[in-house]
Amino acid sequence: MWPYLNTIDPSTTATFFGFITASFSLGQAITSPLFGFWMNKIKSVKPPLTMSLVMMMTSNLIYASMELFPQANRRYIMLAARFFIGMAAGDVAVMRAYAATASIPKDRPRAVVIAGSSWVVHINNRKNIFVKFRH
């Protein structure tokens, strides 16, 4: 992300990039318990997961469209986009809880591991999509 940020806003600093990087984790830390509470309250995973998917799509579209914003605002747009991407990533607890409750006791450990692993693969590989479209 640093080379991309430095390309679209050469005046940014490494310190600000640190805030951008940390904003993802902050967003996730805020919404993970909120999504879990919401899921427990309504006894359904669909609304929290739907909301997180909409947030993820919207935030990634903003991130992908960063060059359309004025150069002076791009670092702040990236900060906000990464924060909201992190908020959307707070759905991991809901996915793991769903995997645990939807599987039979014999398959439960495997289902939770697969759900968690697929989330990690998604988070790590989504950046590759932006790299492919960049050139």
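Colleague: Is Gly116 buried or exposed?
Modeller: This is a predicted model, where local features need pLDDT of at least 70, side-chain atom pairs count only at pLDDT 80 or more, and totals for chains, interfaces and linings use all residues. Residues are numbered from 1 along each chain as its sequence is written, and side-chain values use heavy atoms, with hydrogens and water left out. Buried means under 20% relative accessible area, exposed over 50%, and partly exposed in between, with a 1.4 Å probe and protein chains only. Gly116 has 5% relative accessibility, so Gly116 is buried.

Colleague: Which helix is the place of Gly116?
Modeller: Helices are DSSP runs of H or I with at least four residues, strands are E runs of at least two, and both are numbered from the N terminus. Gly116 sits in the run of residues 108-134, which is helix 6.

Colleague: How far apart in space are Gly116 and Ala93?
Modeller: In sequence, 23 residues separate Gly116 and Ala93. In space, C-alpha to C-alpha, the distance is 8.8 Å.

Colleague: How many helices does the protein chain have?
Modeller: Read from the N terminus, the elements go α-α-α-α-α-α. There are zero strands, and the helices number six.

Colleague: At what angle do helix 2 and helix 4 pack?
Modeller: Axes are lines fitted to C-alpha atoms, for helices over the stretch in contact, and angles run from 0 to 180 degrees between N-to-C directions. The axes of helix 2 (residues 14-42) and helix 4 (residues 74-88) are 6 Å apart, and the angle is about 30°. Angles under 35 degrees count as roughly parallel, over 145 as roughly antiparallel, 65 to 115 as roughly perpendicular and the rest as oblique. So helix 2 is roughly parallel to helix 4, at an angle of about 30°.

Colleague: How many charged residues are in the contact of helix 2 with helix 4?
Modeller: Contact means heavy atoms within 4.5 Å. Ala, Val, Leu, Ile, Met, Phe, Trp, Tyr, Cys and Pro count as nonpolar, Asp, Glu, Lys and Arg as charged, and the others, Gly among them, as polar. The contact has 14 nonpolar and five polar residues, and the charged ones number two.

Colleague: Is helix 2 roughly parallel or oblique to helix 5?
Modeller: Helix 2 and helix 5 (residues 92-102) have axes 8 Å apart, at an angle of about 40°. That angle makes helix 2, relative to helix 5, oblique.

Colleague: Which residues of helix 2 meet helix 3?
Modeller: The axes of helix 2 and helix 3 come within 9 Å and cross at roughly 145°. On the helix 3 side are Pro47, Pro48, Met51, Ser52 and Met55; on the helix 2 side are Phe35, Trp38, Met39 and Ile42.

Colleague: Is Lys43 buried or exposed?
Modeller: Lys43 lies in the loop between helix 2 and helix 3 (46-64). Its phi is near 60°, a positive value in a residue other than glycine. The relative accessible area of Lys43 is 72%, so Lys43 is exposed.
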